[in-house]
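Welcome! Take a moment to look over the sequence and the model, and then we will walk through a few of their features together.

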Amino acid sequence: MSGDKSDFFDKPANIRLMLRVFYGICALLVALDFVVHRHTEFRWEGLPAFYPLYGFVGCVLLVVVAKWMRKFLMRPEDYYDRVELVESDSQRGRGDV
Amino acid sequence: MFEVAPFIPFFVAAAIALFVRGWPRALLMVAVPVLGLANLWLLGPGSFGAYSVLDFDLLLFRADRLSLLFGYLFHIAALIAIVYSLHLRDTMQQVASLLYAGSALGAVFAGDLLTLFIFWELLALTSVMLVWARRTGRAYLAGLRYFTLQILSGLLLLGGIIFYAQAHSSLEFGNIGLEDGAQGSMGQWMIFLAFGIKCAFPFFHNWLTDAYPESTPTGTVFLSAFTTKVAVYALARAYPGTELLVYIGATMACFPIFYAVIENDLRRVLAYSLINQLGFMVVGIGIGTSLAINGAVAHAFNDVIFKGLLFMSMGAVLQMTGRINGSELGGLYKTMPKTTVLCIIGAASISAFPLFSGFVSKSMIMSAAIKNGYDWVWLILLFASAGVFHHAGIKIPYFAFFAHDSGIRAQEPPTNMLVAMSIAAALCLAVGIYPQALYSLLPFEMAYSPYDLTHVLTQLQLLFFSALAFVWLNLRRLYPPELPSVNLDVEWLYRRLLPTAARNFVAGVFRLDERARRGALRIIERLLTAMTSHYKPDGIMARSWLTGSMVAGVVLVLGVYLLLGFSR
């Protein structure tokens with residue numbers, strides 16, 4: 001089962017191939033935008049490549065903001081445990097974690 | 001005809017399950033949702049079980065198209081989750097899960113608010129057992145916090161019912177709404193808030209992200225199916241078209257995805273993602289047109305299945321590896337290929353890929369939003385859709401099964417787990433490919449087709465470019481790595497700020513008390529030393545006086561008497 005060397009995603013060549021196919025599909029989807037006439041309901045929707053741009057920019061923003069949030073939201077893994085578990089253990093007199 | 005309310009088979013089976021073991025119990029547990037579904041199908045729309053308490057007419061079973069769909073859904077969800085947990089040898093967990101599923105059915109078919117309240121509390125009582133069943137210190141505490149908030153929701157509901165009943169002299173569980181400005185609006189708001197807590201509205205959402213990931217691998221699957229969906233049903237029943245819900249829903253769809261990106265515990269990622277999906281449903285209910293309500297209900301149906309599938313696949317990972325943090329996992333596809341594929345089907349469904357179930361229901365809510373002029377809400381939902389794909393669609397499978405090889409070589413989970421996941425995956429695909437089957441069960445008649453060229457193309461564009469963003473960020477090493485950490489959320493208020501403040505207050509009182517005591521002691525001490533100093537060997541009272549000075553003293557006293565005598 002676990003042939004460590006022979007697994008598909010361990011080979012860089014396979015990854016490269018997959019990425020190339022993926023980029024190809026992305027390009028094709030944008031190209032289709034100019035061929036297919038989309039019916040639109042929203043004023044920005046008609047812009048060429050609105051959805052691809054919105055998806056890409058939205059996700060990059062999401063990740064950038066989330067990374068920035070780590071600066072003030074992130075705490076060590078035992079942030080709550082080291083207070084709460086110690087208290088409850090001393091109350092209940094056993095220490096299963 | 002002999003009619004049986006849908007919750008009764010579950011409660012009876014739970015009682016029997018206490019006394020039987022092994023394969024009879026397994027058979028019983030699988031049979032209950034199957035027979036229950038058949039029973040519900042035969043019952044169809046209608047009502048029975050009227051009884052009265054204190055002049056109030058109560059109704060145990062009232063079914064229309066809305067409650068029936070949730071009824072079918074809960075039977076299916078119960079069946080899947082029961083099959084998933086067949087390997088368990090844990091009476092408490094199995095009995096609690098049957099009671100929990102039964103309570104959800106009782107709540108959905110409750111015809112009046114008091115019956116709803118009873119099952120509302122039973123939901124809290126039975127579900128907390130599934131959290132405690134993990135039997136760790138963390139689960140115990142998370143369960144306590146979970147239970148506290150659920151009970152708070154129940155108390156608000158009860159209070160709201162009392163106010164509402166006074167104002168309307170009726171307990172019927174129908175459209176309540178918030179508009180009625182006259183007397184009784186207090187009750188309406190209280191009920192709204194009670195539903196809101198159970199629906200994980202912003203600021204009340206942390207019970208979900210706190211307790212669900214601490215439950216057992218199987219318990220979380222049950223939890224994810226029932227509590228929040230009962231709340232969605234209750235909102236759809238009582239508050240359709242309440243505009244406030246649109247904005248609450250948009251917030252719910254948006255903010256959890258940021259947390260999901262930086263969260264390490266993969267089941268907690270799914271918990272945040274669950275709130276995000278609830279957001280879509282709440283928006284749909286808030287818009288309130290028949291298309292929007294249909295969309296919300298259909299999305300609830302699909303969400304239970306695909307979110308259940310994702311929780312099951314992560315439960316399988318936890319069960320087989322003992323780990324669930326993204327920072328410790330990776331490369332599992334090598335030895336768990338079936339779980340990997342099933343997880344990817346769930347991920348594709350939640351991301352709303354065409355031909356998967358999320359696509360056919362989410363689009364209804366989106367198009368209802370834009371048809372009713374909620375442009376900004378639509379843009380937010382579109383962003384949330386892209387974000388869902390990012391954190392649930394890609395992150396979950398990627399960090400668990402691919403990414404860097406963690407070296408863990410875990411086997412596939414037991415057959416019953418794989419079977420349960422396969423049923424869910426098959427449903428995801430079936431609904432995605434042939435949505436008409438689900439559409440025909442929705443509360444309102446409608447002619448809607450999700451598969452037109454524009455819709456498929458735009459959705460694919462959105463998703464592929466979200467994926468492109470992931471690939472690009474990863475290749476540029478800009479993607480935030482999975483770190484062992486805790487991220488602060490609203491829960492910080494009651495898990496850190498309040499306890500610390502209380503502790504500091506108590507400590508302050510003690511310190512003040514101690515200082516006061518010490519001060520008093522010091523004064524007494526000083527007084528004593530001052531007193532004793534006169535009686536010490538050199539003290540003024542202990543000194544041996546000279547005869548001469550004594551005579552001088554007597555002369556002085558006599559002199560004073562003399563003076564007093566003259567002055568007379």
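## Chain A at a glance

Of the 97 residues in chain A, 13% count as buried; a residue is buried if 20 or more other C-beta atoms, placed from the backbone, lie within 10 Å of its own, exposed if 12 or fewer do, and partly exposed in between. Chain A has 3 helices and 1 strand, and from the N terminus on its elements run α-α-β-α. Here helices (H or I, at least four residues) and strands (E, at least two) are DSSP runs, numbered from the N terminus.

This is a predicted model, in which local features need pLDDT of at least 70 and side-chain atom pairs count only at pLDDT 80 or more, while totals for chains, interfaces and linings use all residues. Residues are numbered from 1 along each chain as its sequence is written, and chains are lettered from A and ligands numbered from 1 in the order in which they are written.

## Where the two chains meet

The contact takes 43 residues from chain A and 45 residues from chain B, where two residues are in contact if their C-beta atoms, placed from the backbone, lie within 7 Å. Several elements of chain B each supply at least two residues to its side, among them α6 (137-168) and α10 (243-262). Which element gives the largest share of that side? It is α18(B), with 16 residues.

By class, the side of chain B that touches chain A has 29 nonpolar, 11 polar and 5 charged residues. Ala, Val, Leu, Ile, Met, Phe, Trp, Tyr, Cys and Pro count as nonpolar, Asp, Glu, Lys and Arg as charged, and the others, Gly among them, as polar.

Strands pair if DSSP finds at least two bridges between them. In this pairing, R75(A) stands opposite V486(B).

## A look inside chain B

Now find F226(B), in helix α9 (residues 219-238) of chain B. F226(B) is buried because 28 other C-beta atoms lie within 10 Å. Not counting residues up to four places away in sequence, F226(B) touches F74(B), Y100(B), A101(B), A104(B) and L123(B). Y100(B) is 126 residues away along the chain, yet the C-alpha atoms of F226(B) and Y100(B) are separated by 8.0 Å.

Helix α3 (residues 65-84) of chain B is mostly covered, with 17 of its 20 residues buried.
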